[in-house]
Amino acid sequence: MTFRPSLLVPLALIPVAAALQAPQVHAADPVVINCAGKEERRPSSIQFGCATGSVMLANLRWSSWDSNNAMGQGDLVVNSCIYKGGPSCVEGLTMTYPANVILGRPASGPGITSLSEVRLRFTDGGPAGLWGGTYRLDNPLRP
């Protein structure tokens, strides 16, 4: 029997090649921490004021998402708590403002980068006649 070391090398590299092709999530991929304290990538909505639920971004569509910022479009939805005959904000008047959205201000911790600031530029004017605004996301990460 003849020993052929050249056959052993390709067999030894098979596990390494398989590991290199496996899809991986990198710690540098940024997330948004939602009101429940969970990580979200490219969320379709972002809640502000977690206790009241009166302000949120909805219908989010992302055109870019990287380790420093994310850009997209969506709607700022505000419940004005102007009652339509009901006893609480649940029955409040809801207003929608289309906006360009930029997530930024990356904050890093062990194995995670979170985008912690939302900048809005309203396409048709925003609440109280504003054309832009900035919100901080300071939701704590929970297991």
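A residue is termed buried at under 20% relative accessible area, exposed at over 50% and partly exposed in between, as computed with a 1.4 Å probe on protein chains only. The model is predicted, so local features need pLDDT of at least 70 and side-chain atom pairs count only at pLDDT 80 or more, whereas totals for chains, interfaces and linings use all residues. Residues are numbered from 1 along each chain as its sequence is written, and side-chain values use heavy atoms, with hydrogens and water left out.

**View 1. The stacked pair of phenylalanine 48 and tyrosine 135.** A search of the whole structure finds three aromatic pairs, a pair being rings of Phe, Tyr or Trp (its six-membered ring) with centres within 6.5 Å. Here the centres lie 4.5 Å apart and the planes meet at 15°, so the pair is stacked (planes under 30 degrees apart; over 60 is edge-to-face and the rest tilted). Phenylalanine 48 belongs to strand β3 (residues 46-48) and tyrosine 135 to strand β8 (residues 132-136), 87 residues apart; strands are DSSP runs of E, at least two residues, numbered from the N terminus. Phenylalanine 48 is buried at 7% relative accessibility, while tyrosine 135 is partly exposed at 27%.

**View 2. The edge-to-face pair of tyrosine 97 and phenylalanine 122.** The ring centres are 6.3 Å apart and the planes stand at 65°. Both residues are buried.

**View 3. The surroundings of cysteine 35.** Cysteine 35 lies in the loop between β1 (32-33) and β2 (39-40) and is partly exposed, with a relative accessible area of 28%. Leaving aside residues up to four places away in sequence, cysteine 35 touches Gln47, Cys50, Asn139 and Arg142, contact meaning heavy atoms within 4.5 Å.

How values were computed:
Helix = DSSP H or I, 4+ residues; strand = E, 2+ residues; numbered from the N terminus.
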